[in-house]
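Let's take a friendly look at a protein model together. Have the sequence and the 3D view ready as you read.

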Amino acid sequence: MPTPHEIVARLTLEEKASLLSGQDFWHTQAIEGVAESVMLTDGPHGLRKQGGAGDHLGIGDSRPATCFPPAVALAASFDVDLVHEVGARIAAEARAEDVAVVLGPGINLKRSPLCGRNFEYFSEDPWLSGAMGRAWVEGVQSGGVGASLKHFAVNNQETDRLRVSADVDERPLRELYLRAFEHVVTHAAPWTVMCSYNRINGVHASQNHWLLSTVLREEWGYRGLVVSDWGAVKDRIAALRAGLDLEMPGNGGVTDAELVAAVAAGRLDEAELDRAAARVVELVRRVPRPGTETRSLSEIHAENHAAAREIAARCVVLLRNEPVDDTPLLPLAPDQRVALIGEFARSPRYQGAGSSRINPTRLEDALSELSALHADVGFAGDDLTEAVALARDADVAVVFLGLPAEAESEGFDRTTLALPADQIALLEAVLAVQPRTVVVFSGGGVVTLPFASRVPAIVGGFLLGQASGGALADVLTGRVNPSGRLAETMPLRLTDTPAYLDFPGERGHIRYSEGVFVGYRWYDARELDVAFPFGHGLSYTTFDHDDLLVSGDPNGFTVKVLVTNTGTRSGRDVVQVYVGKPGSQLARAPRELAGVAIVDLEPGESTVAEVRIPTSALAAWFTGRGWAVEDGEYHVAVGSSSRDLYGHTHVSIAGDDLREPLHLESTIAEVLADPVAGPLVAAGLADAAGSDGADDVEGVGQMMLSFPIGRVVKMAGGGVSLDDIQALLDAANAERR
Ligand code: GLC
């Protein structure tokens, strides 16, 4: 079979150019006998396949598909196997619907909780975002369908998203905003990568050669296809040169003609088109022929809906469950009279708005599902008087609060973390008559919970997809023991958040002034209290953790901890391992998530949870040098959240030699620290100090430590020559090799 390059070599210039933009809104260009037209469509938490013209804003309708929990909830599972399963299930529907690429996952970091699209992203942490994104890509692609890793890169807000420049220093760029992309590209090889709308340090991602070629292809070895976000290409010729292969959506051949004209005028090398066209051909050839799928689409939908309910229940985060009269309010007791309050209990908020809006095959609401599981359930929507009366006469009130659909979406950011005032008023009125109150929160972005200390139980439902009602009913009744963990910190105040003073930027620029301190890294470094920390989540059972053990080896270390279910019901524990580098030569957060282990235990059962941390996970970005691992002691903390740390230990790591070669601009301090040059220079300084009666070396040295040695020699005038010093430094450098 001819290679894609051989196929492309036979095409005319016009045919090559025609492959480099869409045939229409969702399909690649067909060329008879060369390449079929294949469909790329959204994603990520289900299939959004439109007939006809289509749109990328979730306005037009789409074919029914299973709406799984969006990323905000999936990440709360901390469970890569669960996310892989979701990917595989979406792929089954995509294959049945003849879709070649599902546009997802979205793995941009949650830099500010105000970002309107945070519902579609996984986490504030790059390790968790990478793990979740990789699992989703591997799941989808295991089903013979391509993924489109997005939005590459630094797309952390919706405000002015097609033009704004994310101005970010190299270290946070590498360690945070590119880290998850690097993990997914190098481990899961997504068929496509979607460039983002925004600029990065002034250059549009769609024509950012450093991003799309130097980093993505040359450094990370990516061999797939780069597709634009819909409408992200500003300059088609610059974009092609930068490494952007396919412009979407189609534009009737306008930009194809620009490419042809540029080649004809000698302004563009035809080889640039050959390279991109070969990738389009390669993509089309990856699409499996209609497979051996025996199930009908309706059978796939039925199976996927049942699975969606179990998956969603795994994503629910039990934030608080304080005893009232010595008994936790949750799970609900079977004989209790329950007052279900709030419109979200009847009309669930289960996904976000915009290009990811799925037309669900079914929709479960909590009222119906709880009524099917629990004998005595009363309901009141937002009529306050009715709600108060119902709550007063009940044994327990369950109040559904959250962000209305119009409060958060792709395309715009929030300006507040507060819940709507009418919901707060409803809750206060219920609390006044019924202290035994549970709050269930629905929303894609975190909110402030000023009432948290006065509400005995709080359930973080976030957005759980079409089976959200059933999943919440399963958790409220105890059919499922919640095990979700926060993938994003819930702050006490918006003003505490890392991006607060920058967000959403000004005059086309957003400064990432917090550097590497995003999410819990910020709150921990600043020792700020938070409402609920990253990684937090309770269970209906309890766990003990003992016998923490860390064993190192040349490639990293393994953390082991004995976990025991000390409660009365089975449950899942999520063991989190955080690593810090005391005394680092870089500004670092106290601790960073480096791995997790999930254990499912029966009452009384114990097991050893094991987390493998490769040395590479400890690497930091040294500007001017690249990735490197600092030598020495690392602090290892194990816990149930970034703040609830039940085990602490240390591990010694043989890192990289980070010493820079000595030269005349090396400071006195740097030279004194060198085992060869140090003693000789110290002696010279002592002599110099002794001869003219100046203060002792320490006194002189303390002031001079930051002076480059060459400058000191010149200032000293005579005595020692620059050549002598250079020879000494050369000898010291030679000793290191
Ligand atoms: C949208 C989104 C992107 C989506 C694409 C197609 O604008 O930014 O995530 O996949 O266009 O709908």
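How do the residues of the lining of the largest pocket divide into nonpolar, polar and charged? Keep that question in mind as you explore this predicted model.

## The largest pocket

Start with the space itself: the largest pocket holds about 1,100 Å³. Its lining is made up of 48 residues. If you want to find the centre of this pocket in the 3D view, look for Trp127, His183, Ala594, Pro614 and Ala617, the lining residues that lie nearest to that point.

Now for the opening question: the lining has 25 nonpolar residues, 15 charged ones and 8 polar ones.

## Which elements build the lining

The helices that give two or more residues to the lining are α4 (80–96), α5 (126–141), α6 (170–177) and α7 (179–188). The biggest contribution comes from α5, which gives 9 residues.

## Cysteines and disulfides

A disulfide is a covalent bond that links the sulfur atoms of two cysteines. How many disulfides does a search of the whole structure find? The count is 0.

Take cysteine 67, which is in no disulfide: the nearest cysteine sulfur belongs to cysteine 315 and is 12 Å away.

Conventions: Residues numbered from 1 in each chain as written. Predicted model: local features only at pLDDT ≥ 70, side-chain atom pairs only at ≥ 80, totals over all residues. Heavy atoms only, no water. 1 Å grid on protein atoms, 1.4 Å probe; cavity = no way out; pocket = protein on both sides within 12 Å on 5 of 7 lines; lining within 4 Å. Points joined across faces, edges and corners; volume = space filled by probe spheres on them. Helix = DSSP H or I, 4+ residues; strand = E, 2+ residues; numbered from the N terminus. Nonpolar A, V, L, I, M, F, W, Y, C, P; charged D, E, K, R; others polar. Disulfide = S-S within 2.5 Å.
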